[in-house]
Amino acid sequence: MENKWFLSMIRDDFRGGKINLEKTQKLLEKLNIRCNYIHVKSIFKDNDRLKQGKITIEEFRSIYRIIAHREEVTEIFNTYSENRKILLEKNLVQFLTQEQYSVEMTKTIASEIIEKYEPIEEVKQAHQMSLEGFTRYMDSSECLLFDNKCERTYQNMNHPLNDYFISSSHNTYLISDQLVGPSDIWGYVSALVKGCRCLEIDCWDGSQNEPVVYHGYTLTSKLLFKTVIQAIRKYAFITSDYPVVLSLENHCSPSQQEVIAHNLQSILGETLLSDVLDEFLDKLPSPEALKFKILVRNKKIGTLRETRERKGTDKHGQIEEYEEVEETDQEDEDDDEVKESETEDILKDNQEKEMESKRVAGLPLFKKKRVKVAVALSDLVIYTKAEKFRSFQHSRLHQQFNESNSIGESKARKLSKLQAQEFILHTRKFITRIYPKATRTDSSNFNPQEFWNIGCQMVALNFQTPGLPMDLQTGKFLDNGGSGYVLKPDFLRDNKSKFNPNKAPIDSNPITLTIRLISGIQLPPSHHSSSNKADVIVIIELFGVPNDQAKHQTRVIKKNAFSPRWNETFTFIIQVPELALIRFVVENQSLIAGNEFLGQYTLPVLCMNKGYRRVPLFSKMGESLEPASLFLYVWYVR
């Protein structure tokens with residue numbers, strides 16, 4: 001039956017005789033077999049017996065079987081098929097419940113799968129599935145590792161903003177390095193399309209009273225502020241309906257601040273949140289309440305009540321001054337990280353001694369500078385007022401619900417090691433933004449995981465720089481429908497929780513995760529290979545609280561990127577799965593130059609499906625490498 005179907009599908013293409021490589025590729029696509037041209041070219045060459053660049057119908061059949069009929073999938077099919085030719089509906093139900101952990105599996109669902117994926121009409125009519133249908137089902141999006149329930153916004157979006165991790169970018173206007181690279185509108189467009197919800201805009205005085213956006217005191221190029229806002233207006237809600245925060249790094253004179261305020265109001269119109277919501281007079285609103293709204297994060301003068309009282313008045317020329325406090329003993333953000341060998345007690349003791357010596361000497365603990373703010377711009381800041389961070393104690397006593405802090409990565413890292421629980425108490429109440437240290441002139445990124453572990457909402461990364469940190473960022477925000485908002489776990493929201501990421505959890509709900517890495521499917525060949533070869537290894541890494549960090553690596557499979565087989569099993573015990581991400585990296589082993597990156601995929605552990613699953617691979621720049629993927633079996637208990 002399969003033979004008859006196969007010939008009926010391809011016979012017309014061979015009426016004129018043999019076919020070439022391009023027609024072979026098109027015919028495979030017509031048969032719904034996804035394939036990589038480099039691999040097809042190599043397999044075509046191996047099967048072209050006369051080496052004339054053209055193949056017969058029989059040679060095409062061989063190529064088709066090599067690409068479509070993977071041994072590991074045929075083995076699974078034969079396990080559940082009673083005659084190794086077809087699966088009855090009940091066999092498919094059995095496979096789906098026993099192997100794919102489909103709890104609500106019914107004959108109706110099995111019937112729908114047959115209807116959708118079985119290409120042979122007679123088999124479909126008999127409510128059965130051939131190897132052809134089973135192959136297409138196993139290669140479909142329904143068998144991906146990522147759980148499709150996480151593809152929609154399934155979390156409660158009615159919590160206050162501070163209860164969410166928020167996808168955030170740093171110096172969004174840059175598309176290269178921090179010193180001489182170009183500023184580009186594409187930086188904003190690209191970040192928004194990736195689901196970013198907090199954008200940074202560095203504003204400076206420009207000529208002809210037009211504020212510009214660039215990295216001040218550097219040779220980076222300049223963009224008009226209004227052009228940036230026009231692009232944001234156009235792309236803000238393409239990927240997500242939930243609010244966008246514009247974090248202004250404002251270096252403008254009061255007159256150009258007024259131009260900024262005018263641009264924001266005239267370009268953004270109704271999408272700009274410029275007044276308090278009636279139901280949220282003294283607390284932060286939820287993402288749901290702020291759908292399709294753009295918020296401004298900037299310095300603010302006075303209270304929200306005073307802002308409301310000024311509504312509708314002419315604010316032209318109105319300027320307010322305020323004193324900004326800076327710690328004189330503030331450590332340089334570019335200091336080395338706290339050395340692991342130093343204990344918390346020694347560090348705390350040193351801090352206290354420094355402060356005490358300043359008091360004794362009569363030196364000020366803080367220095368003050370005066371800052372001018374145009375009232376027109378100040379009044380557009382509602383729920384995201386930027387406030388200088390002094391200490392957790394100061395915030396506890398004085399910080400208002402609508403005030404948020406920006407803390408540099410080095411200082412944040414020290415605080416997270418010294419005062420993790422106080423840091424978590426702070427992030428339960430106030431939105432906290434972490435940004436890269438100034439010495440990262442190459443736009444490199446830090447590992448965001450350590451700051452998610454303590455509940456920091458806005459961990460701002462350089463979106464233009466590929467690599468591990470951005471892979472983790474992309475993986476984390478796959479969750480909750482790619483909305484850019486992920487609800488923090490209970491223990492990072494609940495005031496009674498004693499959670500500390502640096503200590504073994506008292507009341508955790510650990511999971512034991514087992515992964516059997518079976519094979520690779522049409523993996524990207526090495527750039528150094530003249531054909532479709534690579535010496536392939538796979539690294540599986542776990543990111544989360546320090547105790548959960550782990551890494552496993554397969555053996556190398558030599559000269560086979562098309563269909564490497566490992567059948568290796570790895571086990572992870574994860575104490576805090578709610579914060580854990582898992583990353584699959586495929587590399588070409590090179591003992592001389594170091595391993596060559598071929599592809600990766602990162603996702604939250606709790607967004608993983610069980611059973612036989614396919615892991616799609618992505619390039620360093622985040623582009624899909626389909627059909628390149630890993631085939632594995634996942635099992636976990638909780």
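**A glutamine and its surroundings, then some backbone geometry**

Author: This is a predicted model, in which local features need pLDDT of at least 70 and side-chain atom pairs count only at pLDDT 80 or more, while totals for chains, interfaces and linings use all residues. Residues are numbered from 1 along each chain as its sequence is written, and side-chain values use heavy atoms, with hydrogens and water left out.

Gln256 belongs to helix α12, residues 254–268, where helices (H or I, at least four residues) and strands (E, at least two) are DSSP runs numbered from the N terminus. Its relative accessibility is 5%, so Gln256 counts as buried (under 20% relative accessible area, with exposed over 50% and partly exposed in between, for a 1.4 Å probe and protein chains only). A polar atom of the Gln256 side chain lies 2.9 Å from the backbone oxygen of Gly206. Once neighbours within four places in sequence are left aside, Gln256 is in contact with Trp204, Asp205, Gly206, Asn209, Glu210 and Pro211, contact meaning heavy atoms within 4.5 Å.

As for the backbone, Arg84, which is not a glycine, has a positive phi of about 60°; this residue sits in the loop between α5 (71–80) and β1 (86–88), and at 57% relative accessibility Arg84 counts as exposed. Tyr101 also has a positive phi, near 55°, and is placed in the loop between α6 (89–98) and α7 (107–117), where Tyr101 is partly exposed at 28% relative accessible area. Finally, the peptide bond from Glu626 to Pro627 is cis, with omega near 5°, and Pro627 is found in strand β24, residues 624–637.

Note on methods. A polar contact is a pair of N or O atoms within 3.5 Å; within protein, one must be able to donate a hydrogen and the other to accept it, and residues adjacent in sequence count only if both atoms are side-chain atoms.
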